[in-house]
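Reader: I am new to this structure and would like to understand how its descriptions are reached. Could you take me through them, setting each value against its definition?

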Amino acid sequence: MFKEYSNSAENVTPVERFINELTDQGIKVITVAEVMKFAGKVEDAAEKEKLTSQIIRELEHHESLIPETPGESYVNAEKLFDGAEFLIVPDALEIDNNILIPGHRFVPFMDQELFPSEITLKEAGAKKSQSYRAFTASAEEIIRYHLLMGAETLFDFFAAEDEENITNARSSNNPQLKLAVLDMKKFYQETQFSEGDAIMVKVIDYKKGIFEYRLENGKMRKAAAAKAFRNSFDDVLQRVTEELLTGEPIINQLRCAFANNAELLKKPLMSLDEMLLDDSAFDIAFDAEVSTLVKRNEDEGICDCGHDHAHGECDCHHDHGNALPDNVTIGSGEVGTLEEMLGKLYSMLNLVELDALLLDNFKNHDLDFNSFYSRAFGENELEFVDTMQEACFFNALEERFEMMLDNYSREHDNESAEIRSMIVDFTMERCQLMSEFVSMADELELKPELFEELAEVTALLDEALKIVNAPAAIGEDFDFEEFRSGVEDALEKGEEAMTVLRGVLEGND
């Protein structure tokens with residue numbers, strides 16, 4: 001076998017040398033079967049099995065290859081990504097500071113030996129590339145841009161960015177961290193870039209980390225087309241996470257997904273951040289060493305194989321571990337949409353009611369975020385699993401605050417605001433009452449039927465809030481009098497239900 005290389009003095013196996021030749025020739029897909037042919041005919045079954053294992057091992061660990069179907073076929077990363085496109089959607093923090101944080105955005109699309117802050121980014125048609133500048137922010141503010149790199153790499157990454165980060169991280173749970181970021185001031189100003197706009201990035205040179213970009217106007221991004229794109233992405237990523245690369249590092253899973261559906265790299269309609277962090281069918285989960293993506297299950301605790309791993313019933317080969325390094329815990333849906341996190345951290349208040357609180361504050365000229373937060377959660381201390389979850393929650397909450405403030409239309413919000421205010425006051429009373437029940441849960445014997453009347457009223461009022469939370473969309477012929485009368489009737493029933501519940505509490509004293 002491989003006689004032509006048997007006398008080589010180089011520390012390279014014949015199998016690896018042949019694979020190198022194939023990649024150097026620009027072969028896009030290399031299969032185990034193709035490499036086996038190079039070895040010639042192997043009669044002995046044991047030798048054939050040994051050779052097959054060696055070939056797979058070399059293909060798996062080759063820096064230029066991405067598994068398409070592990071154990072069968074591997075894609076040349078350079079051939080896959082050169083000329084490919086992906087989307088980045090800068091958020092308010094970046095736009096306000098005229099920067100773009102490389103973070104995990106470029107990592108899946110460049111040579112894995114490169115560092116995010118080593119990339120070269122140039123506007124299409126420009127001669128000069130974007131310059132870098134130092135940017136300092138709290139860990140809570142910037143960790144979001146690095147989640148897909150894996151929590152196990154974050155400390156090393158921040159340490160490599162600046163030595164001061166090491167000292168700061170030792171003295172605080174939310175240290176100030178310094179990063180090298182791309183200076184986008186001129187581009188943002190010239191294009192009047194705003195939230196919702198995006199940049200379309202093209203890979204010019206995968207090996208060198210050279211990228212080109214152009215403006216993608218937010219008004220041109222159609223929801224229906226984006227949904228179809230997302231469905232394609234979710235379908236292939238589900239196959240990757242459940243069949244092909246279960247429990248593997250996130251970046252490896254993403255690269256495998258693109259290897260299995262290269263169409264995602266042609267005129268993409270959503271960014272990775274939008275699909276995996278803002279609202280996702282997947283969770284970021286961890287075992288002791290690696291961050292990985294797992295498909296979220298509708299029935300919490302039940303995995304796709306039907307076993308309940310929350311109660312030790314799972315004996316399958318799925319990876320259900322969620323252990324993390326100290327102070328870094330993400331998984332089981334804890335980092336997803338604001339609505340999902342809110343449901344886990346403070347289930348008494350849903351997103352519709354939270355929005356109503358925001359708008360009520362705005363109507364009353366209270367535009368302070370801390371004031372809103374205090375009103376919404378009062379003395380309730382949200383039980384975050386770790387600082388990363390806390391950072392993601394506050395980032396999402398502040399983004400919603402800023403977005404709704406920017407879009408608030410006071411001139412349309414007169415009659416609707418009065419009705420909303422009544423519901424908000426009732427909602428706050430209800431949350432306070434439910435908090436008292438929670439605090440006495442161990443002492444009271446509670447029956448679900450006690451809360452049925454209140455739950456029905458709450459559902460009705462939430463439907464009303466959906467209307468008054470969008471005052472600009474209310475038609476001119478809308479009958480506010482009839483609507484207000486219905487809301488007042490519901491509030492009266494709600495007060496009666498809460499009076500009964502207060503009696504239960506008082507009767508326990």
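Author: Let us start with a loop: H365 lies between α14 (351-363) and α15 (369-377), where helices (H or I, at least four residues) and strands (E, at least two) are DSSP runs numbered from the N terminus. This is a predicted model, in which local features need pLDDT of at least 70 and side-chain atom pairs count only at pLDDT 80 or more, while totals for chains, interfaces and linings use all residues. Residues are numbered from 1 along each chain as its sequence is written, and side-chain values use heavy atoms, with hydrogens and water left out.

Reader: Why does H365 count as exposed?

Author: Exposed means over 50% relative accessible area, buried under 20%, and partly exposed in between (1.4 Å probe, protein chains only). H365 has a relative accessibility of 59%, and therefore counts as exposed. Its phi is near 65°, a positive value in a residue other than glycine.

Reader: Why is K267 called exposed as well?

Author: The relative accessibility of K267 is 67%, so this residue too counts as exposed. K267 is found in the loop between α11 and α12 (272-278), and its phi, near 50°, is again positive in a residue other than glycine.

Reader: What makes β1 and β2 edge strands?

Author: Two strands pair if DSSP finds at least two bridges between them. β1 and β3 (residues 73-76) have 3 bridges in the antiparallel sense, so they meet that definition, and T31 stands opposite S73 in β3. The open sheet of 3 strands has the order β1-β3-β2, with antiparallel pairing; β1 (29-31) and β2 (65-69) each pair on one side only, and are its edge strands.

Reader: How is helix α11 placed against β2 and β3?

Author: Helix α11 (residues 250-260) lies across β2 and β3 and runs at about 65° to β2. Axes are lines fitted to C-alpha atoms, for helices over the stretch in contact (heavy atoms within 4.5 Å), and angles run from 0 to 180 degrees between N-to-C directions.

Reader: What is the average pLDDT of the chain, and how many of the residues score at least 70?

Author: The chain averages a pLDDT of 84, and 86% of the residues score at least 70, pLDDT being the predictor's confidence in each residue, from 0 to 100. Over residues 1-10 the pLDDT is below 50, although this stretch has 16 contacts in the model beyond near neighbours in sequence. Residues 300-335 also have a pLDDT below 50, with 78 such contacts. Where pLDDT is low, the predicted coordinates should not be read in detail.
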